[in-house]
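Thanks for coming. I will go through one structure, element by element, and keep it short.

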Amino acid sequence: MNFTKFEQYIEEARKHEFEWGKHDCISFVNNCYFSLHNKVLVPEAVNRYTTEFGAMRALVEETGGHYDKLIDRYLEKINPKLAQKGDVVMYATNNYKNEYAVGICVGKDFCAVTSVGLKFINMNDAIYVWKTK
């Protein structure tokens, strides 16, 4: 895994504002994964939507609306206490009741794209974690 490229991408991502389909939670995870493995994690999300409605429609079409089922296609879930840098993380957002988003573990925190930009959140808030390969 190329952690230098990964860290450079995260630093660059701090400069960008949220944008559906370009800089949202799943595109961020895809780009982080690409920086580590030179391949996209979730190809179904690439260039598929440009609005919140489009993103939700795509997720419903793919998995019935569940991020965890989408990530389960590609990675194995692990205990969140075993998370390491580069692992994919799911957490509950504060925006909506019962809404979830994904981010990337960077150590004791994970980072995720939110409506206010890149945010670092304590790993204690992780609901699921998937081990990157």
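Let me start with Phe34, which lies in helix α2, residues 25–37. Helices (H or I, at least four residues) and strands (E, at least two) are DSSP runs, numbered from the N terminus. Before going on, note that this is a predicted model: local features need pLDDT of at least 70, side-chain atom pairs count only at pLDDT 80 or more, and totals for chains, interfaces and linings use all residues. Residues are numbered from 1 along each chain as its sequence is written, and side-chain values use heavy atoms, with hydrogens and water left out.

Phe34 is partly exposed, at 34% relative accessibility. For these words, buried means under 20% relative accessible area, exposed over 50%, and partly exposed in between, with a 1.4 Å probe and protein chains only. Together with Val40 and Val46, Phe34 makes a nonpolar surface patch of about 220 Å². Patches are made of residues with over 30% relative accessible area and no salt bridge; like charges are joined within 9 Å, and nonpolar side chains (Val, Leu, Ile, Met, Phe, Trp, Tyr) within 5 Å. The areas come from the Shrake-Rupley method with a 1.4 Å probe, and for residues only the protein chains shown count as cover.

Staying in helix α2, we come to Ser27. Is Ser27 buried or exposed? Ser27 is buried, because its relative accessible area is 10%. Its side chain makes a polar contact with the side chain of Asp24, at 2.7 Å, and also reaches the backbone oxygen of Lys22, at 3.3 Å. A polar contact is a pair of N or O atoms within 3.5 Å; within protein, one must be able to donate a hydrogen and the other to accept it, and residues adjacent in sequence count only if both atoms are side-chain atoms. If we leave aside neighbours within four places in sequence, Ser27 is in contact (heavy atoms within 4.5 Å) with Gly21 and Lys22. As for Tyr128, which is 101 residues from Ser27 along the chain, the two C-alpha atoms are separated by 18 Å.

Now the cysteines. How many disulfides are there? The count comes to 0, where a disulfide is a pair of cysteine sulfur atoms within 2.5 Å. Cys25 counts as buried at 8% relative accessibility, and Cys111 is buried at 0%.

Next, the loop between α2 and α3, residues 52–63, which holds Asn38. Phi of Asn38 is near 60°, a positive value in a residue other than glycine. Asn47 lies in the loop between α2 and α3 as well, and its phi is near 55°, also positive and also not in a glycine. Asn38 counts as exposed at 55% relative accessibility, and Asn47 is exposed at 75%.

On to charges. Side chains of opposite charge can pair when their charged atoms come close. How many salt bridges does the structure hold? There are 11, a salt bridge being a side-chain nitrogen of Lys or Arg within 4 Å of a carboxyl oxygen of Asp or Glu.

One of them joins Arg73 to Glu44, with the closest N and O atoms 2.8 Å apart. Arg73 is in the loop between α4 (67–72) and β1 (76–78), and Glu44 is in the loop between α2 and α3, so the pair ties together parts that are 29 residues apart in sequence. Arg73 is partly exposed at 39%, whereas Glu44 counts as buried at 18%. Both belong to a network of salt bridges that links Glu44, Arg48, Glu61, Glu62 and Arg73.

Asp87 forms a salt bridge with Lys131, and here the closest N and O atoms are 3.6 Å apart. Asp87 sits in the loop between β1 and β2 and Lys131 in strand β6, residues 126–131, so this pair ties together parts that are 44 residues apart in sequence. Asp87 is buried, with a relative accessible area of 0%, while Lys131 is partly exposed at 28%.

The last pair is Glu12 with Lys15, at 3.3 Å between the closest N and O atoms. Glu12 counts as partly exposed at 35% and Lys15 as exposed at 62%.
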